[in-house]
Amino acid sequence: MYIRGLIEFTNYCKNDCLYCGIRRSNKNAERYRLEKSEILDCCKEGWKLGFRTFVLQGGEDGFYSVEKICGIVRGIKELFPDCAVTLSIGEKSRESYQAYFDAGADRYLLRHETADDDHYARLHPKELSAQNRRRCLYDLKEIGYQVGAGFMVGSPYQTADNLASDMMFIKDFKPHMVGIGPFVPHHDTPLANEKPGTLELTLFMLGLIRLTLPSVLLPATTALGTIDPQGREKGVLAGANVVMPNLSPMSVRNKYMLYDNKISTGSESAQSVDDLKKRMSQIGYDVVVDRGDAIKP
Ligand code: SAM
């Protein structure tokens with residue numbers, strides 16, 4: 001099992017995705033941003049705990065210019081040349097992606113969300129398009145990143161056909177990583193009253209992805225751990241081989257609320273990595289201290 005330290009460094013977002021708790025229209029979200037020094041402190045703590053990949057995730061926050069992101073990436077790489085840096089900061093220009101890569105970023109997570117254009121349009125405001133999201137993924141891959149695509153399971157209006165399209169997209173695009181998790185409603189969004197995705201369907205999709213891309217890096221996600229107390233373990237037994245415990249400062253953890261009841265403590269917390277190791281060893285898996293790079297696309 002590979003572990004990644006997840007640093008949720010801003011919950012400001014210019015986008016208004018209908019399902020997401022940090023969408024710009026959610027006036028009840030308490031917004032925060034981390035300074036470069038705070039991000040580096042998270043990495044220092046994470047390195048001591050055995051993390052060799054740091055994932056910087058955030059809303060699409062214009063405060064973090066290309067120069068700022070590059071400065072943060074360079075800062076992490078200077079302190080920890082043995083670690084991988086993963087960015088997950090949304091849709092950017094090809095030039096920006098190139099600049100982050102040149103600064104030392106190794107990987108990029110950008111879920112395609114749904115491969116069906118009409119379904120995509122029902123979950124997003126009109127200024128966002130499935131085509132641009134895919135353009136980003138192809139740019140990232142061409143530049144040389146290890147790239148993660150992915151989707152929510154059981155998102156509103158999703159059909160079995162849509163999931164088949166997601167599988168065909170993944171088979172064709174061959175991402176190095178695939179992030180999937182159940183849709184979980186957030187009470188302050190337009191989709192608050194929709195049903196959540198199920199554990200069963202998420203596990204089934206994890207299994208299908210593992211069979212389709214045998215060497216892919218596949219996380220048992222926070223959303224899966226949120227809908228079932230044994231979600232992580234069940235995800236691993238279905239084919240997942242990555243977990244991404246939360247390494248954000250305690251003071252901001254309950255502010256990165258993408259959906260209701262999102263977990264960030266217990267074995268979801270990077271500080272409890274020993275507990276996570278114990279839980280994984282109970283189902284026959286070892287957590288390793290390793291960057292955990294992709295083997296091949
Ligand atoms: N802004 C970046 C981006 O667009 O990729 C990264 C942050 S975004 C909040 C990370 C992921 O959270 C999205 O790709 C989406 O799939 C997931 N997410 C957002 N709201 C969710 C919800 N209500 N239930 C489950 N997952 C959700």
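A: What follows goes through the surroundings of the ligand, then a helix and a loop residue.

This is a predicted model, in which local features need pLDDT of at least 70 and side-chain atom pairs count only at pLDDT 80 or more, while totals for chains, interfaces and linings use all residues. Residues are numbered from 1 along each chain as its sequence is written, and side-chain values use heavy atoms, with hydrogens and water left out.

There are 18 residues around the ligand, a residue being counted if one of its heavy atoms lies within 4 Å. Those that come nearest are Tyr19, Gly58, Arg111, Glu113 and Val184. By type, the shell holds 10 nonpolar, five polar and three charged residues (Ala, Val, Leu, Ile, Met, Phe, Trp, Tyr, Cys and Pro are nonpolar; Asp, Glu, Lys and Arg are charged; the others, Gly among them, are polar).

A polar backbone atom of Val184 is 2.7 Å from a nitrogen of the ligand. The ligand taken alone exposes 560 Å², of which the protein buries 93% (Shrake-Rupley areas with a 1.4 Å probe).

Helix α6 covers residues 160-173 (helices are DSSP runs of H or I with at least four residues, strands runs of E with at least two, numbered from the N terminus). Its 14 residues reach 20 Å from the first C-alpha to the last, close to the expected 20 Å, the expected span being 1.5 Å times one less than the number of residues. Buried in α6 are Asn162, Leu163, Asp166, Met167, Phe169, Ile170 and Phe173 (buried is under 20% relative accessible area, exposed over 50%, partly exposed in between, with a 1.4 Å probe and protein chains only). Down the axis of α6 these residues fall within an arc of 160°, so they line one face; the arc is that of the directions from the axis to the C-beta atoms. The face turned away from them carries the exposed residues Ala160, Asp161, Met168 and Asp172.

Met167 has a relative accessible area of 9%. Its C-alpha is 21 Å from that of Arg107, 60 residues away in sequence.

Tyr145 sits in the loop between α5 (130-143) and β6 (146-153). Tyr145 is buried, at 2% relative accessibility.

Conventions:
A polar contact is a pair of N or O atoms within 3.5 Å; within protein, one must be able to donate a hydrogen and the other to accept it, and residues adjacent in sequence count only if both atoms are side-chain atoms.
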